[in-house]
Amino acid sequence: MVRFSLASIPVNHQEDWTPASLVTSGSSEYVEGHLVRSALPKPDDFSQAGQFYRSLNSTQQEHLVGNLAADLAGISQELLGIVLSYLHNASPELEERVSQRLKR
């Protein structure tokens, strides 16, 4: 069990303060608990991008597809494969539409 005072944390320990300027993040009470090390959860790097794509109306989606295809037209096949896999992870439909546009 770890026991410490919130005031002992450097950010909570303010020197040369007056009561009027005191800023705390707690009541300086002792906190009890156990420190546990755990693995970080797997990051979700693509769902927000997919949600954004799906939130666009059909005209906005078409503009995004056209802009992406135009910007990707001149890159190497290796890099294109990576970007298309990212688009697929965000939205398989987006990746398919961009791929089809690039084949024109």
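## Close-up views of a predicted model

View 1. Glu93 is partly exposed, with a relative accessible area of 42% (buried is under 20%, exposed over 50%, and partly exposed in between, using a 1.4 Å probe and protein chains only). This is a predicted model, where local features need pLDDT of at least 70 and side-chain atom pairs count only at pLDDT 80 or more, while totals for chains, interfaces and linings use all residues. Residues are numbered from 1 along each chain as its sequence is written, and side-chain values use heavy atoms, leaving out hydrogens and water. Look for the place where the side chains of Glu93 and Arg97 meet in a salt bridge, at 3.7 Å from N to O (a side-chain nitrogen of Lys or Arg within 4 Å of a carboxyl oxygen of Asp or Glu). About one helical turn separates Glu93 from Arg97, because the two are 4 residues apart in helix 4 (helices, H or I with at least four residues, and strands, E with at least two, are DSSP runs numbered from the N terminus). Through shared partners, salt bridges join Glu93, Arg97, Glu62 and Arg101 into one network.

**View 2. Arg97 reaches Glu62.** Here the side chains of Arg97 and Glu62 form a salt bridge, with 2.6 Å from N to O. Arg97 belongs to helix 4 (residues 92–102) and Glu62 to helix 2 (residues 58–72), so this pair ties together parts that are 35 residues apart in sequence. How accessible is Arg97? Its relative accessible area is 24%, so Arg97 is partly exposed. Glu62 is partly exposed as well, at 33%.

**View 3. Arg101 joins in.** Glu62 also forms a salt bridge with Arg101, and the closest N and O atoms lie 1.8 Å apart. This pair links distant parts of the chain, with Arg101 in helix 4 and Glu62 in helix 2, 39 residues apart. Arg101 has 22% relative accessibility, so it counts as partly exposed. How many salt bridges does the structure hold? The structure holds 3.

**View 4. A nonpolar patch at the surface.** Which residues form this patch? They are Leu79, Ile82 and Tyr86, which together have about 270 Å² of accessible area (from the Shrake-Rupley method with a 1.4 Å probe; for residues, only the protein chains shown count as cover). Patches are made of residues with over 30% relative accessible area and no salt bridge, joining like charges within 9 Å and nonpolar side chains (Val, Leu, Ile, Met, Phe, Trp, Tyr) within 5 Å. Ile82 sits in helix 3 (residues 77–90) and is partly exposed, at 35%.

View 5. You will find Gln48 in helix 1 (residues 47–55). Is Gln48 buried or exposed? Gln48 counts as exposed, because its relative accessibility is 64%.

**View 6. Stepping back to the whole protein.** The protein has 4 helices and 2 strands, and along the sequence they follow the pattern β-β-α-α-α-α. Of its 104 residues, 18% are buried. Among contacts (heavy atoms within 4.5 Å) between residues at least 6 apart in sequence, 59% join residues at least 24 apart.
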